[in-house]
Amino acid sequence: MSNKPLTYALAAGEYGTDYVHSYVGMEPSGRNFNELCLDANNKPHNPMINAGAIMTASLVKRDLSAADRFDWVFNQFKRLCGGEHLGFNNAVFLSERQCADRNFALAYYMMENKSFPKGTTVHETLDFYFQLCSMEITAESGAVIAATLANGGINPLTGDNVLSNEAVRNTLTLMHSCGMYNYSGEFAFKVGLPSKSGVSGCVLLVIPNTMGICLWSPPLDGFGNSCRGVQFCMEMVTKHHFNFGSL
């Protein structure tokens, strides 16, 4: 699933936007999502790329044990799904951890540049990040997550106020500017709606105050976005006129 915006929203809701962005930037990087680089302040460029997602993972419930930390996030994601399916794929977790050379390099590069909060442990942080990347949803549960973001953090099925309005607003802004890898700028220009893609072929699309959509089609383009997911978004906005500014 596309956990990056949700992890950011949880961190921003817990600590506040200013604290989170003292460790991670808010600008599009113009680089590959896993490139070994930081901004001029030795921070990841934004929470929607790997370095930024590792950083935001390091901030979430850092005072809890590894087990309690995972349980807490899983329960928050479950609230976002509103009773729809949420699972954990252990095979994906083991694969993520086994093929993690670049993510280890990113984490150690940030450690070298003193980017993390004091007391951060690389291996524990990366294990937690890999767990977050191994959450499993369906298109139905993804649509409820997107709809919760569209509804200002209140789950439209359960009425549960899962996320703060400020956290949602900032999450949607970052999804709009950074959510589609190196295609984010062109997607923002042509579609104009907050979205987040994942290499699984999933795209979360949020139409503020209106609805949320989850698309899943695994064939990816050269940017790592779902080919059919992007095409759907393009065709949808030619037929229906939505305005991100209505948030």
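Q: Where is Lys-61 placed?
A: In this predicted model, Lys-61 sits in the loop that runs between helix 3 and helix 4.

Q: What is the phi of Lys-61?
A: Lys-61 has a positive phi, about 45°, although it is not a glycine. For context, most residues other than glycine have a negative phi.

Q: And which ring does Lys-61 lie over?
A: The ring of Trp-72. Lys-61 lies over the face of Trp-72, at 4.9 Å from the ring centre.

Q: Asn-209, buried or exposed?
A: Exposed. Its relative accessible area is 56%, and the cut-off for exposed is over 50%.

Q: OK, back to rings. How many aromatic pairs does the structure hold?
A: The structure holds 10 aromatic pairs. One of them is Tyr-129 with Phe-130: the ring centres are 5.9 Å apart and the planes are at 55°, so this pair counts as tilted.

Q: Why tilted and not edge-to-face?
A: Because edge-to-face needs planes over 60 degrees apart, and the planes of Tyr-129 and Phe-130 are at 55°.

Q: Are those two residues buried or exposed?
A: Tyr-129 counts as buried, at 2% relative accessibility. Phe-130 is buried too, with a relative accessible area of 0%.

Q: Which residues do ring pairs link into a cluster?
A: Phe-70, Phe-74, Phe-88 and Phe-93 are linked into a cluster by ring pairs.

Q: Switching to helices. How do helix 4 and helix 7 pack?
A: Helix 4 (residues 66-81) and helix 7 (residues 122-133) pack at an angle of about 25°, and their axes are 11 Å apart. The two helices are therefore roughly parallel to each other. Helix 4 passes helix 7 in a right-handed crossing.

Q: What about helix 3 and helix 6?
A: Helix 3 (residues 50-59) packs with helix 6 (residues 101-112) at about 65°, with the axes 10 Å apart. That makes helix 3 and helix 6 roughly perpendicular to each other. The crossing of helix 3 past helix 6 is right-handed.

Q: Glycines next. Where does Gly-16 lie?
A: Gly-16 lies in the loop between helix 1 (4-15) and helix 2 (17-20). Gly-16 is partly exposed, with a relative accessible area of 24%.

Q: How far is Gly-16 from Glu-166?
A: Their C-alpha atoms are separated by 8.6 Å, while Gly-16 and Glu-166 are 150 residues apart along the chain.

Q: And where does Gly-222 lie?
A: Gly-222 is in the loop between strand 5 and helix 11 (227-239). At 85% relative accessibility, Gly-222 counts as exposed. The C-alpha atoms of Gly-222 and Tyr-183 are separated by 9.5 Å, and the two residues are 39 residues apart along the chain.

Note on methods. Residues are numbered from 1 along each chain as its sequence is written. This is a predicted model: local features need pLDDT of at least 70, side-chain atom pairs count only at pLDDT 80 or more; totals for chains, interfaces and linings use all residues. Side-chain values use heavy atoms; hydrogens and water are left out. Rings of Phe, Tyr and Trp (its six-membered ring) pair if their centres lie within 6.5 Å; planes under 30 degrees apart count as stacked, over 60 as edge-to-face and the rest as tilted. Buried means under 20% relative accessible area, exposed over 50%, partly exposed in between (1.4 Å probe, protein chains only). A charge sits over a ring if NZ of Lys or CZ of Arg is within 6 Å of the ring centre and within 35 degrees of the ring normal. Axes are lines fitted to C-alpha atoms, for helices over the stretch in contact, and angles run from 0 to 180 degrees between N-to-C directions. Helices (H or I, at least four residues) and strands (E, at least two) are DSSP runs, numbered from the N terminus. Angles under 35 degrees count as roughly parallel, over 145 as roughly antiparallel, 65 to 115 as roughly perpendicular and the rest as oblique. A crossing is left-handed if the near helix is turned anticlockwise from the far one by less than a right angle, and right-handed if clockwise.
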